[in-house]
Amino acid sequence: MADKKAALPRKTYERELLRLQTELVKLQEWGRAEGARLVVIFEGRDAAGKGGTIKRVAEHLNPRVARIAALPKPTERERSQWYFQRYVEHLPAAGEIVLFDRSWYNRAGVEHVMGFCTKEEHQLFLRQCPIFERMLVEDGILLRKYWFSVSDAVQQERFRRRLEDPVRRWKLSSMDLESITRWEAYSRAKDEMMVHTDISESPWYVVESDDKRRARLNMIAHLLDSVPYREVPPPVLELPERPPSTGYVRPPRDLQTYVPDHAASL
């Protein structure tokens, strides 16, 4: 774990985040113009800051171009398929970006630790995953994999805050709480996963995430530096003049039902 650094000031964070998000929009437009396909995988322990980072990455992007893939647990039919099959249908077409909020690496982590897959299925995954990812890269997909690393003390504190906050309580599940008691098992699973899947064609990049602000800026900056995008000039648009009225009269307001003015009561 890196030495603890001073908290990043909010104004500094917000200023740099906006600059990086502006660059992400440029990357998006370059990808659309070039037909690039970008896959970004976000993995890490529960409460490591993946969701917040994904939110900041996607915040100003076109949702028709950049989408988040957060798959639920597999159906009975999906469990009978080749393991990677249900992820393949979420891969990007030309000009698209897909942000995987967890991914096929579920099998190397939670499924393995919690016993949701067999030892044979886990070992098969570790053999097939590098082959699968090499196929994606060979086909031209830009694949980036980020592991968000959080300390046990910080994870515990984030769990506590979620438990006490009514608007974030939904983020905490019994599975999350069980991860506390299985900390070392998850550590061993992650280490084994890295040994097999940290390959030159699709390496893992570790993001220190005890400080969420630093983690978000560091991850986005690295992603931008790793993609050879350029600024694409936007199309020239001109706001037209409003044409003169042709006599349209708006219907009386009492013919429609309006939302009550709750704000007036504040």
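Surface first. The protein exposes about 16700 Å². Carbon and sulfur atoms supply 54% of that area. Keep in mind that this is a predicted model.

Now burial. The chain has 266 residues, and 39% of them count as buried.

Next, the overall dimensions. Take the C-alpha trace along its principal axes: the span is about 75 × 50 × 45 Å.

What is the protein built from? Ten helices and five strands.

How do contacts run along the sequence? Look at contacts between residues at least 6 apart. Of these, 79% join residues at least 24 apart.

Let's zoom in on one helix pair, α7 and α8. Helix α7 covers residues 152-164. Helix α8 covers residues 174-181. Their axes come within 11 Å. The crossing angle is roughly 150°. Why call them roughly antiparallel? The cut-off for that label is over 145 degrees, so α7 and α8 qualify as roughly antiparallel to each other. As for handedness, the α7 and α8 crossing is left-handed.

Which residues make the contact? From α7, they are Gln155, Gln156 and Phe159. From α8, they are Asp176, Ser179 and Ile180.

Phe159 and Ile180 are the nonpolar pair. Gln155, Gln156 and Ser179 are the polar ones. Asp176 carries the charged label.

Note on methods: Residues are numbered from 1 along each chain as its sequence is written. This is a predicted model: local features need pLDDT of at least 70, side-chain atom pairs count only at pLDDT 80 or more; totals for chains, interfaces and linings use all residues. Side-chain values use heavy atoms; hydrogens and water are left out. Axes are lines fitted to C-alpha atoms, for helices over the stretch in contact, and angles run from 0 to 180 degrees between N-to-C directions. Helices (H or I, at least four residues) and strands (E, at least two) are DSSP runs, numbered from the N terminus. Angles under 35 degrees count as roughly parallel, over 145 as roughly antiparallel, 65 to 115 as roughly perpendicular and the rest as oblique. A crossing is left-handed if the near helix is turned anticlockwise from the far one by less than a right angle, and right-handed if clockwise. Contact means heavy atoms within 4.5 Å. Buried means under 20% relative accessible area, exposed over 50%, partly exposed in between (1.4 Å probe, protein chains only). Accessible areas come from the Shrake-Rupley method with a 1.4 Å probe; for residues, only the protein chains shown count as cover.
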